[in-house]
Amino acid sequence: MQKPLICAVLTLAAFTAGAAELAGVKLDDKTQLEARELVLNGAGLRKRIIFNVYVIGLYLPEKKADPAAVLALAGPKRAAIHMLRDVSAETFTEALVEGLRANTTEGEYKALEPRAQELARIIAEVKEAKKGMTISLDWTGGATQVMVNGKPAGKPIAGEDFYRALLRIWLGDKPVQDDLKKSLLGA
C-alpha cells in the first residue's frame, strides 16, 4: 500500500519540479506565446532598498545561460513582471527608462526614445502597477506587446532592437540588479 503512495508523491514532485515560487509568486515552468511553447529560463526578485518590488520570470523558446545568447535567440520571448507592491506609472516608467539609458549608448537611446515614449504612454494608461498585477513584455516575433493581467495594453511597439534593449535592463552590462541578472539566466 505504501508503494502507490510513494509513486504518487514522486510523480507529483516530478510534475512540479520545473515550476518556481519566489516571494509567494508561483511561476509556471512553461507558457504559450504566438502558438509557441516557452520555458522558464529563470526568475528573480527585484528589490529596491529594503522593499521587494516585483518578481520577474524570463520565458524563452529554449534555456540559455549567456546574456548574449538570450538577446540573439530568435522567436517569441516573455518577461513576466509580478508586482509585489503598488508602483505609480510614472515611477515604473522612470525605472524602465533608467535601465534603458544605462544599457545603451546615447545614439542607441535616441533611436529608441520614441518607442520608449510609446511604452510610457501605455504604462500611463494603466495608471498604476498594483500589487498582484502581472505586466508582461512580450516579443511576438514582430513587435513588443505589453500585456496586463493577460490582456493586451496599447498597440504593439515595432522593432526587435527595442525588445532587446528592454531585456538589457535586466541582462545588460549594467543590470538593475546583479543577482537578478544571474537568476534570470538560471544561476
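Reader: Which backbone nitrogen lies 2.8 Å from a polar atom of the side chain of N103?

Author: The backbone nitrogen of K174 stands at that distance from the side chain of N103. Please keep in mind throughout that this is a predicted model.

Reader: Which other backbone nitrogen does the side chain of N103 reach?

Author: A polar contact is read as a pair of N or O atoms within 3.5 Å. The side chain of N103 also reaches the backbone nitrogen of D173, at 3.2 Å.

Reader: Where is N103 placed, and is N103 buried or exposed?

Author: N103 is in the loop between α3 and α4, the latter spanning 106-126. A residue is called buried when its relative accessible area is under 20%. N103 has 11% and is therefore buried.

Reader: With which residues is N103 in contact, once neighbours within four places in sequence are left aside?

Author: The partners of N103 are R168, I169, G172, D173, K174 and P175.

Reader: Let us turn to the strands. In what sense do β4 and β5 pair, and over how many bridges?

Author: Two strands are taken as paired when at least two bridges are found between them. For β4 and β5 the count is 9, and the sense is antiparallel. Within this pairing, G42 stands opposite L58 of β5, and A43 stands opposite G57 of β5.

Reader: How many residues lie between β4 and β5 in their hairpin, and what is the phi of I49?

Author: The β4-β5 hairpin has 2 residues between its strands, and I49 in the turn has a positive phi of about 60°.

Reader: Is I49 buried or exposed?

Author: The threshold for exposed is over 50% relative accessible area. I49 has 79% and so is exposed. By contrast, β5 is mostly covered, with 8 of its 10 residues buried.

Reader: Which strands besides this pair should be read together?

Author: On one side of the list, β5 pairs with β6 in the antiparallel sense over 6 bridges, and I56 has I81 of β6 as its bridge partner. On the other, strand β3, residues 30-33, runs antiparallel to β4 and is joined to it by 4 bridges. T31 has L38 of β4 as its bridge partner. The β3-β4 hairpin also has 2 residues between its strands, and E34 in the turn has a positive phi of about 55°.

Reader: In which strand does N41 lie, and is N41 buried or exposed?

Author: N41 lies in β4. Its relative accessibility is 5%, and therefore N41 counts as buried. N41 and L60 are 19 residues apart in sequence, yet their C-alpha atoms are 6.3 Å apart. Beyond neighbours within four places in sequence, N41 is in contact with residues including L58, Y59, L60, L184, L185 and G186.

Reader: What is the volume of the largest pocket, and which residues lie nearest its centre?

Author: Its volume is about 430 Å³. The lining has 23 residues, with R46, R48, V53, T91 and A95 nearest the centre. Elements giving two or more residues to this lining are β4, β5, β6, α3 and α5. Of these, α3 gives the most, with 8 residues. By class, the lining holds 14 nonpolar, 3 polar and 6 charged residues.

Reader: How is the lining of the second largest pocket divided by class?

Author: This lining holds 4 nonpolar, 6 polar and 4 charged residues. The pocket contains about 190 Å³ of space. Of its 14 lining residues, R78, A80, H82, T134 and S136 lie nearest the centre. β2, β6 and β9 each supply at least two residues of this lining.

Technical notes:
Residues numbered from 1 in each chain as written. Predicted model: local features only at pLDDT ≥ 70, side-chain atom pairs only at ≥ 80, totals over all residues. Heavy atoms only, no water. 1 Å grid on protein atoms, 1.4 Å probe; cavity = no way out; pocket = protein on both sides within 12 Å on 5 of 7 lines; lining within 4 Å. Points joined across faces, edges and corners; volume = space filled by probe spheres on them. Nonpolar A, V, L, I, M, F, W, Y, C, P; charged D, E, K, R; others polar. Buried < 20%, exposed > 50% of the residue type's maximum accessible area, 1.4 Å probe, protein only. Polar contact = N/O pair within 3.5 Å; in protein donor to acceptor, adjacent residues only side chain to side chain. Contact = heavy atoms within 4.5 Å.
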